[in-house]
Structure formats: structure tokens, C-alpha cells
Amino acid sequence: MKATLSNQTVDIPENVDITLKRCTVVVKGPRGTLRRDFTHISVELSLLGKKRLRVDKWWGNRKELATVRTLCSHVQNMIKGVTLGFRYKMRAVCAHCPINVVIQDNGSLIEIRIFWGEKYICRVRMRSGVDCSVSQAQKDELILEGNDIELVSNSATLIQQATTVKNKDIRKFLEGIYVSEK
């Protein structure tokens, strides 16, 4: 059965400005600007004054109504990104051989050396807008910071996938770089 109207609102903080142009949302805040295109979702977006964003879906079935909450969550993540930012912490786990991590190009390129005793140097480039640094407080810890949660989490995924152990039992050989804190 189709619902006539499903809507949800997102509250906008005082230090954040949101502009709409059709289904493109631009969020400006103290840390920067994020832009996202939602033309693939058939919903109506409207601003109620300066403090609320309203998302409407007319005559949708169950799966189409779920996109309303998803779109609101994306906008809330954009607001959180331009106000607070996102930080992922990753730890290097090694039982057999130590893992050397070298950061180059002002935090946009990571070189992983001596992983699993290999001489091959694995290079991972961060997504644009993501900065990487080595923690001063904790040994073998990387800190990824950025405004867009998808770019930060994707960079963390690229690092973790670059350090997977191949052709071994992953329950026994736990070497790698893993996300320890979000």
C-alpha cells in the first residue's frame, strides 16, 4: 500500500548555511563547504525559513519511503562535517614483522613498508579533503581527519585493504592496519 505523504525535517544549527538548487544541497559551515547531489532520489526538498530543511515523498511504497530518512541522515552528516569534522583512528597490528608507516606529501600519501616482511612498498593515496597524521600519544597509530564522512571512511578502507594478508588463515595471521576508533 502506498502512503500519501511521508516527510521529515532536519534542524539547521545557527553557524551553518544550507542552500538548495533543485536536488543539490550545499552546506557551508566554519570548517568548509560540502556539496551533494540527490537527483537520483525522487523527493521534494524545501527550506522552512533558515532553521529547517524539509524532505517530502509523495505516493511512495515502503522502499521509496526509506529514502526520506536516508537523505536526512546524509544532510545531518554534512552538517556535522562542516561544524565538527570526522576523525578515524587506525592502529597497526603486527605479530611477526613490524610495520613501518611513512606519511608523505603533507598527509595525502601513505607508504607502508616491511608489511609481512616484504620489500614491496605499498602506497595508498588519501581521498581529496582527507588529512593523515601519525599520533604522538600512541605508538603505531594513524589519524585520518576530514569534513566528508564518506571520503574519510573510504580512505580508511583503502589503508585496511592494502594491508590484508593473502593466502593465510586470517584468524591466526592478524597483521594489518585496522580502524580502532571513529
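## Exercises: exposure, charge and contacts

Lys-28 counts as partly exposed, at 44% relative accessibility; the bands are buried under 20% relative accessible area, exposed over 50%, and partly exposed in between (1.4 Å probe, protein chains only). The model is predicted: local features need pLDDT of at least 70, side-chain atom pairs count only at pLDDT 80 or more, and totals for chains, interfaces and linings use all residues. Residues are numbered from 1 along each chain as its sequence is written, and side-chain values use heavy atoms, with hydrogens and water left out.

**Exercise 1. Which residues form a nonpolar patch on the surface?**

Step 1. The patch consists of Leu-5, Trp-58 and Trp-59. Together they have about 330 Å² of accessible area, from the Shrake-Rupley method with a 1.4 Å probe; for residues, only the protein chains shown count as cover.

Step 2. Take Trp-59 as an example. Trp-59 lies in strand β6 (residues 52-60). Its relative accessible area is 52%, so Trp-59 is exposed.

**Exercise 2. Decide whether Ser-6 is buried or exposed, and list what Ser-6 touches.**

Step 1. Ser-6 is part of strand β1 (residues 3-11).

Step 2. Its relative accessible area is 19%, so Ser-6 is buried.

Step 3. Apply the contact rule: heavy atoms within 4.5 Å. Leaving out residues up to four places away in sequence, Ser-6 touches Val-55, Asp-56, Lys-57, Leu-65 and Val-68.

Step 4. Follow one of these partners, Asp-56. Asp-56 is buried, at 6% relative accessibility. Its side chain meets that of Arg-54 in a salt bridge (2.9 Å, N to O). A salt bridge needs a side-chain nitrogen of Lys or Arg within 4 Å of a carboxyl oxygen of Asp or Glu. Arg-54 is partly exposed, at 25%.

**Exercise 3. How many salt bridges does a search of the whole structure find, and which parts of the chain does the Arg-36 pair link?**

Step 1. The search finds 7 salt bridges. Side chains of opposite charge can pair when their charged atoms come close.

Step 2. Arg-36 pairs with Glu-150, with the closest N and O atoms 3.0 Å apart. This pair links distant parts of the chain, 114 residues apart: strand β4 (residues 32-37) holds Arg-36, and helix α2 (residues 149-162) holds Glu-150.

Step 3. Arg-36 is partly exposed at 24%. Glu-150 is partly exposed at 38%.

**Exercise 4. Describe the salt bridge between Arg-125 and Asp-105.**

Step 1. The closest N and O atoms of the pair are 3.7 Å apart.

Step 2. The partners belong to distant parts of the chain, 20 residues apart: Arg-125 is in strand β10 (residues 122-125), and Asp-105 is in the loop between β8 (100-104) and β9 (109-113).

Step 3. Arg-125 is partly exposed at 47%. Asp-105 is partly exposed too, with a relative accessible area of 45%.

Step 4. Salt bridges with shared partners join Glu-111, Arg-113 and Arg-123 into one network.

Step 5. Check the backbone of Asp-105. Its phi is positive, about 55°, although Asp-105 is not a glycine.

**Exercise 5. Where is Asp-17, and which residues does Asp-17 touch?**

Step 1. Asp-17 is in strand β2 (residues 17-21). At a relative accessible area of 49%, Asp-17 is partly exposed.

Step 2. Not counting residues up to four places away in sequence, Asp-17 touches Val-26, Val-27 and Lys-28.

Step 3. Compare sequence and space. Asp-17 and Tyr-88 are 71 residues apart in sequence; C-alpha to C-alpha, they are 26 Å apart in space.

Note on methods:
Patches are made of residues with over 30% relative accessible area and no salt bridge: like charges are joined within 9 Å, nonpolar side chains (Val, Leu, Ile, Met, Phe, Trp, Tyr) within 5 Å. Helices (H or I, at least four residues) and strands (E, at least two) are DSSP runs, numbered from the N terminus.
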